Amino acid sequence: YFFTGARTPKKEVLPRAVLLKGDLEKTIVLGEPKKEKLLSEIGRAFFEPLAENEIRTLAFAVTEGEVKRTLQSGEIIALAELPLPPRLRSLVEALELGSVRQNGIHPFIIFKVRRYPEALAAMIEWEKSLAADIGIFFPKTRDFDLVGVAYRDKVIKNQDARVLLKDGEPVLAYAFFNRSLLVIAASDWGLDAVLARL
């Protein structure tokens, strides 16, 4: 038997750092590395439909000539101009962006950090501007007024968490899982769902 025909092109494999296994793993090709494009794609992809309790994780790639390359954690932080405190930035080894559906769709970001005590101290210090700074990813905290608003301690999935309430509604929550993963979510529902999966 003899067969002629065009060969199927090889499927491009874009390696990604996985901190959380999502039900849907989406890689977004940005083309050129531009802040506006990155934030626009993140904002759109966060809120695409999900089934209840489903988690979607995001990775980003850029085109260099004819080759696509996955952006690394530091590149995403730099490109998004996320104002991480220098003390915390030096402790971040990797990050994962995604969203989960549990009583609505909630974005989240996970940082893999080293030296938990230093990372915790940096987070407590970052609380002063965290809501506004993370607003580039979480729409509910953009232009956030912190007057009369404070973080509350809460136990979520047996983890000590800090939850920020606005008019009685949780708009931001974070916790350290296993002393190495810092999970920041757009609500305590989102944090609960991510910690349950971890």
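Colleague: What share of the 198 residues in the protein is buried?

Modeller: In this predicted model, buried residues make up 46% of the 198 residues in the protein.

Colleague: Why is F176 counted as buried?

Modeller: Buried means under 20% relative accessible area. The relative accessibility of F176 is 8%, and therefore F176 counts as buried.

Colleague: How many aromatic pairs does a search of the whole structure find?

Modeller: The search finds 3 aromatic pairs. Y116 and F176 form one of them, with 5.1 Å centre to centre and 85° between the planes.

Colleague: Why is the pair of Y116 and F176 called edge-to-face?

Modeller: Ring centres must lie within 6.5 Å, and planes over 60 degrees apart count as edge-to-face. The values for Y116 and F176 are 5.1 Å and 85°, so the pair is edge-to-face.

Colleague: What makes this pair a tie between parts of the protein?

Modeller: Y116 belongs to helix α4 (residues 116-133) and F176 to strand β8 (residues 169-177), so the pair ties together parts that are 60 residues apart in sequence.

Colleague: Why do Y151 and Y174 also count as an edge-to-face pair?

Modeller: Their rings are 6.2 Å centre to centre, with 70° between the planes. The cut-offs are within 6.5 Å and over 60 degrees, so this pair is edge-to-face. Y151 lies in strand β6 (residues 151-156) and Y174 in strand β8, so parts 23 residues apart in sequence are tied together.

Colleague: Are Y151 and Y174 buried or exposed?

Modeller: Both Y151 and Y174 are buried.

Colleague: Which helices and strands does the protein contain, and in what order?

Modeller: The protein has 5 helices and 9 strands, running β-α-β-β-α-α-β-β-α-β-β-β-β-α from the N terminus.

How values were computed
Residues are numbered from 1 along each chain as its sequence is written. This is a predicted model: local features need pLDDT of at least 70, side-chain atom pairs count only at pLDDT 80 or more; totals for chains, interfaces and linings use all residues. Side-chain values use heavy atoms; hydrogens and water are left out. Rings of Phe, Tyr and Trp (its six-membered ring) pair if their centres lie within 6.5 Å; planes under 30 degrees apart count as stacked, over 60 as edge-to-face and the rest as tilted. Helices (H or I, at least four residues) and strands (E, at least two) are DSSP runs, numbered from the N terminus. Buried means under 20% relative accessible area, exposed over 50%, partly exposed in between (1.4 Å probe, protein chains only).
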